[in-house]
Amino acid sequence: MHKIAEKKQLADTITLMKVEAPMVVREAKPGQFVVVRLDEFAERIPLTICDADKARGTVTLIIQQLGRSTKDLCALKAGDQIRDILGPLGNPTEIEKFGTVVIIGGGVGAAELYTAAKALKEKGNKVITIIGARNKSLIILEDEFKPIADEVLITTDDGSYGIKGFVTDALKKVISEQKVDRVICCGPIPMMKAVTMTAKPHNIPAIVSLNAILLDATGMCGSCRCTIEGKTKFSCVDGPEFDGYKVDFDELMARNKRFLDEERRALEV
Amino acid sequence: MAINKTPRQEIPARNPEERNKDFKEVSLGFTEEQAVLEAQRCIACKKKPCCNGCPVEIDIPEFIKLVAKKDYKGAIQKIKEKNNLPAICGRVCPQETQCEALCTLIAKGQPVAIGALERFVADREAEHPGSKEPPVIKEKKDIKVAVVGAGPAGLTAAADLARYGYKVTLFESLSASGGVLRYGIPEFRLPKAILDRETEYIKSLGVEIKYNILIGRTFSIADLFKDGYKAIFLGTGAGLPYFLGIPGENLNGVYSANEFLTRVNLMHAYEFPKYKTPVKIGERVAVVGAGNTAMDCVRVAKRLGAKDAIIVYRRSEAEAPARRAELEHAKEERIEFRFLTAPIKIEGNEKGEVKSMTCLKMELGEPDASGRRRPVPIKGSEYEMPVDTVIIAVGQGPNPLIAHTTKELAVDEKSGELKIDENCMTSIKGIFAGGDITTGEGTVIAAMGAGKKAAAAIDKFLKKK
């Protein structure tokens, strides 16, 4: 059992939790994730390790309410218990001195990149962060990114905050002004595809973090398979990060819709 | 000695038309009367050939003699000297190719139903808890041993190591014990309550089980040594699903057997939405393959409401690797079989969902490396089979995670299996391995045999230290 040490509402549907998981914290690195099972009846949900406090033994998780299981998870209070947390899982983000790195988080995807941004900055990179969301209320972690990034750009679809437009508009602007050595992106699949397409004409490596539907997350079931350069890979153990140029985003988009009807049914009960 | 003329007792099973709609156990097991009659069929031949067919070396005639005398307590104790998971083995072991295949009575008719007798004594003990004897543990030693993976190999190794007196910690990445026994084998063939019961027994030997820990990620192998474990057993199994490599395999509606069965067995998707993990099943389901896993998948599909649940297999029934009992049970449950049929592509609709599978008809040619006749495509036999779900059950490879995160472990390049020496030791001193991770996909009992052998080797290794 894992106690929720702290809980904070970041937006209407986005919750931050610090959860006691000392085993996970010991080896956790940027880009890795955990699988959480709230109780005996719950699904196994993958959640990014947004931060790890080694002294307190807590991991920071940021959860967006999408379906039944995330809704149940977000309803928990500080002091409540989560039954299982497995992790850290997946390959860590590559942390090297690349030069200028643009980190792009869409919606709750920003949470995934926070520790990577910190580590890349410490490695001596210039870090530019772009955070995008539909509207102002869904922008998260702006204050957390500010002290670690050289520059933080905000975009909203409706223009309620920052630049009106998409993260790709901000990325185009950055690319037009300076040399960019790497782009790292996490967010909705269409957004990751668009970011990859924006980086490609400039030959800027684009790393994307795929959010395929997982089950065991140890490489055993193949639920999270995706096509990378024509080959089937399992995003849980081969990823979650891949070279965006090689990802079949359209297939992943279709695959991630395969349980929509069931997800709706689960919300009704 | 005169051969007993009593025929082999039929193992009672539930009505097929009723059982193919629920997940309750299919086989009912022997009644006491049947068990005694069956046990009396054993002629107690001197050579005990059956024992040679048992990877964990149960003294089979001895336990059967005790059943015939109605000394069930004695019988279970005799089995548990060698086998820590009798209720499981009594249900899922392929006895017809192991112990029963070597029974002397085969020459005169039918072998003794050894598996059903094993199940009977294990279940009988559980139903009469008063009859339980505390397990014998050798002198406790203050030496820690880690076992990785709570499947058949790991559970057996852990149990034996505990009996040798070691402090055993068993690390499991899932939230429950059993490995493939839990995520792979459906409730109707191996009830989870049985698995829980045998897990409790292993714990009663002093084994501590830690769930939700993935060795290689949560802790590295080096961490385990740092934490004071003096030896490690890796029993991480064959958990890497193989696909066919044909077009359309990533369409929605195509599952690996592991995904399909894990959703249903481990995550209880058949009780959705009470349990929140969904599984989608169409009206026409094709399962590719004909091993036990394929039979499990197709029978689960039927139970989840598929109108047509079809086995598609490129060889003929004679080559099907599944246990005969499972094939027969599947047939009784109105599973359709298309032998000598090989899928070559899967087509989808505009939403990326499966709508059909194109197959070729096959004929059998010369034997191949496996000794089975090779399937050869019949020219011009291509046809389209309308289906909305495809489950690929063509086997699996060793789980690559530990080898991937422990660079010094020697791995067979072609198969991905961990290399071990004659003492079950890997290329790293103090790390042992056994079961599917070293041999590729095998049977439950073979993995248990490997766990047993490794436990003995670890004991020897630690004593020498």
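This report describes a predicted model, beginning with the boundary between chain A and chain B and then turning to a few places inside each chain.

## The interface between the chains

The size of an interface is often given as the accessible area lost when the parts come together. In this model, chain A and chain B bury about 3900 Å² between them, and 55% of that area lies on carbon and sulfur atoms. Three residues, Phe41(A), Met220(A) and Arg225(A), supply 18% of the area that chain A buries against chain B, which is more than any other three residues supply. Counted by residues, 47 of chain A are in contact with 43 of chain B.

The side of chain A that touches chain B draws at least two residues from each of several elements, among them the helices α1 (22-27) and α2 (68-74) and the strands β15 (225-228) and β16 (231-234). Strand β8(A) gives the most to this side, with six residues. Sorted by class, the side of chain A that touches chain B has 19 nonpolar, eleven polar and 17 charged residues. The count of salt bridges between the two chains is five, and in one salt bridge the side chains of Asp261(A) and Lys280(B) meet at 3.9 Å, N to O.

## A helix with a buried side in chain A

Helix α6 of chain A covers residues 189-199, and its buried residues are Ile189(A), Met191(A), Met192(A), Val195(A), Thr196(A), Thr198(A) and Ala199(A). An α-helix has 3.6 residues a turn, so residues three or four places apart point the same way. The cover over the buried residues of α6(A) includes β9 (100-106), α5 (167-177), β13 (182-186), β14 (206-209) and α8 of chain A.

Thr48(A) lies in strand β4 of chain A, which covers residues 45-48. Thr48(A) counts as buried because its relative accessible area is 18%, and the cut-off for buried is under 20%. Leaving aside neighbours within four places in sequence, Thr48(A) is in contact with Gln32(A), Phe33(A), Thr60(A), Leu61(A), Ala111(A) and Glu112(A). With Glu112(A), the side chain of Thr48(A) also forms a polar contact of 2.8 Å, side chain to side chain.

In chain B, Gly74(B) is found in helix α5, residues 72-80, and this glycine is buried as well, with a relative accessible area of 14%. Gly74(B) and Phe63(B) are eleven residues apart in sequence, while their C-alpha atoms are 7.5 Å apart in space.

Methods
Residues are numbered from 1 along each chain as its sequence is written. Chains are lettered from A and ligands numbered from 1 in the order in which they are written. This is a predicted model: local features need pLDDT of at least 70, side-chain atom pairs count only at pLDDT 80 or more; totals for chains, interfaces and linings use all residues. Side-chain values use heavy atoms; hydrogens and water are left out. Contact means heavy atoms within 4.5 Å. Buried area is the accessible area (1.4 Å probe) that two parts lose on being put together, summed over both. A salt bridge is a side-chain nitrogen of Lys or Arg within 4 Å of a carboxyl oxygen of Asp or Glu. Helices (H or I, at least four residues) and strands (E, at least two) are DSSP runs, numbered from the N terminus. Ala, Val, Leu, Ile, Met, Phe, Trp, Tyr, Cys and Pro count as nonpolar, Asp, Glu, Lys and Arg as charged, and the others, Gly among them, as polar. Buried means under 20% relative accessible area, exposed over 50%, partly exposed in between (1.4 Å probe, protein chains only). A polar contact is a pair of N or O atoms within 3.5 Å; within protein, one must be able to donate a hydrogen and the other to accept it, and residues adjacent in sequence count only if both atoms are side-chain atoms.
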